[in-house]
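Open the model in your viewer and keep the selection panel at hand.

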Amino acid sequence: MSGFFGFFNRSGRPAEQGIADTMLEAASYWDPDERGLQKNGPAAVGHAMLWNTPESKHEHLPLQRNGLMLTMDARIDNRDELAGQLELPDRPTEQIGDSEFILAAYRKWGEKCPKHLLGDFAFAIWDAEKEKLFCARDHMGVKPFYYYMIDDLFVFSNDLRVLLKFPGIPKTCNDDAVAIYLDKGELWHPVMTFYKAIKKLPPATALSLSGASSDFRTYWRLEEIRRTENKTFAEYKSTLQALLKDAVNVRLRTSYPVASHLSGGLDSSAVSVLAARSLAAKQKTLKAYSWVAAPGEKDDPRYFEWANSHQIAQAEKIDFEHIDLDEGTLTEIFTRHDISLNDTTDLWYEFILRKSASKHNIRTVLSGWGGDEFITYHGRAFYADLFRQGNIAAVLKGIWQECAKAKSRKRCVIRRCYRELFLPLLPKRLLCFMPKVHCDSSDYLLCARNDLAQKIRKHRALTTYKYQKSIDSDQLCLHRQGHLLCRLESWRASAFESRLEYSFPLLDKRIVEFALSLPATMYYHNGITRYLYRHAVTGILPENIQWGDF
């Protein structure tokens, strides 16, 4: 994790030193390990460094080479692959920072370079020869990028606090963002912030900016990934096992202790076990946290979030800690928390976790977040997908067999057909009139101003989850909904003060692409959800957790 910022006077006016100094000072509130500032003509870029990877201690940012100026927050994971393709400094790769890889990729591939990068990144490159600023954000949006743009000015940062220090940026509240927040309790939107003038560069998007033009381009689309059925189950399983191990290992490239979330479920448990084993091979110990307080005298310790997490921590020798959120701590958080800085996820346990991690000098926290949408997807739309393809007999046979142990088999079949066939295929405008369908009430909007109520209704239609006809559309709907991106951005916004970097192995680009290429039976088979993933964690998770009802 590092802070970065910059501005580009699109009129050609030289960048003002005083403004650059003010932004650098604003970027230093969390006590960075190193700071830097560079100017070139109408552009200025700055950086506040947090050392995390071993190579980061060899970096001095912003990086300036042959008329190019780079600032960034990045972790590049395919360094070995890129090293054979790029012209890098003549020294051992373990002494070459990720910034050199990004700049070399830009020199080789120009504005197509983000396609060749694997990892979490947000960066800006000033190209003095072309008099252009090139910016990019990683595929899933793990690293944020905020900006303010008018005809003669472009200002950017990955920290809203820094961006807001630039003189003249309007602080007008964005009513549409407020409407989304009031309806969802979070800000689910790929572009909006609570400030009308400040926007986000969406994930998998690059921006090329000159004095006269701006060009936004999406360089990676989930919709273009196609299902394939050209592998055996054993091949799918071995591929996923290799991807899971590597996705965790590349995120352990740090000189500091590592922590993880550990709830006892499939996602965080597998991530924690793989991380613990990799660290143990280097005589290091994983620190793990549970959001559930330690069981009291009247609590049942067999509850899965206690029993499973303790079972894994004991088996893998993980340093395990429960989070205890009390009224006093919650009041303190509410008193000082500012949602306008883009942390709108109400997971208050994480504030306590970050304090503990800081005390242990931890700079990387691994999370299983994002699995449910992709590789550990439950297969919710499996039967609707099969039915839509005309495999009606297979659908009815499958549901009939799965209802064999129900008290009333016929009633079970009717309920399943209603929920898994009828509702997904029903026109979406009729869903809220159906029994057993939860639709948020709009009665409270009668108390709101008419213009605000209209905004809430408009955005609700875009973000409310609806039953889908296929696994493809269901996974894409879950991704587009906004909850996934909101969590990534919220934790990132609050991590600065704790000097932490969140990492999400299950959102590794390679795993996401693999997940979206899988045939439907890899998600749901013979009544078993998360079918392939459960098999892939054989030897990683205990059987009671591997095949548990998650």
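Angles here run from 0 to 180 degrees between N-to-C directions, with axes fitted to C-alpha atoms, for helices over the stretch in contact. With that in mind, select helix H3, residues 98-109, in this predicted model. Helix H3 lies across E4, E5, strand E6 (119-127) and E7, and runs at about 120 degrees to E5.

**The sheet under the helix**

Next, select the strands in the order E4-E5-E6-E7-E11-E12. These six strands form an open sheet with antiparallel pairing. Its edges are strand E4 (63-65) and strand E12 (214-218), each of which pairs on one side only. From one strand to the next, the twist averages 15 degrees.

E4 and E5 run antiparallel and are joined by three bridges. Show glutamine 64 here: the residue opposite is methionine 69 in E5.

**Alanine 136**

Move to strand E7, residues 132-137, and pick alanine 136. Is alanine 136 buried or exposed? Alanine 136 counts as buried because its relative accessibility is 0%, and the cut-off for buried is under 20%.

Now display what surrounds this residue. Beyond its neighbours within four places in sequence, alanine 136 is in contact with Pro114, Phe121, Ala122, Phe123, Phe145, Leu201, Thr205 and Ala206. For a distance check, pick the C-alpha atoms of alanine 136 and isoleucine 125: the two residues are 11 apart along the chain, and these atoms are separated by 9.1 Å.

**The cavities**

Switch to a cavity display. How many cavities of 30 Å³ or more are there? The count is five.

Start with the largest cavity, which holds about 140 Å³ of space. It is lined by 16 residues, and those closest to its centre are Met1, Ser2, Leu50, Ser56 and Ala74. Colour the lining by class to see six nonpolar, five polar and five charged residues. Strand E3 (43-49) and strand E5 (68-76) each supply at least two residues of this lining. The largest share, four residues, comes from E5.

Finish at the second largest cavity, with about 70 Å³ of space. To show its lining, select Asp77, Leu118, Gly119, Asp120, Asp138, His139, Met140, Val142, Arg251, Leu507, Asp508 and Lys509. By class, this lining divides into six charged, four nonpolar and two polar residues.

How values were computed: Residues are numbered from 1 along each chain as its sequence is written. This is a predicted model: local features need pLDDT of at least 70, side-chain atom pairs count only at pLDDT 80 or more; totals for chains, interfaces and linings use all residues. Side-chain values use heavy atoms; hydrogens and water are left out. Buried means under 20% relative accessible area, exposed over 50%, partly exposed in between (1.4 Å probe, protein chains only). Contact means heavy atoms within 4.5 Å. On a 1 Å grid over the protein atoms alone, a cavity is a set of points where a 1.4 Å probe fits but cannot get out, and a pocket is an open set with protein on both sides within 12 Å along at least five of seven lines; lining residues have an atom within 4 Å of a point. Grid points are joined across faces, edges and corners, and a volume is the space filled by probe spheres set on the points. Ala, Val, Leu, Ile, Met, Phe, Trp, Tyr, Cys and Pro count as nonpolar, Asp, Glu, Lys and Arg as charged, and the others, Gly among them, as polar. Two strands pair if DSSP finds at least two bridges between them.
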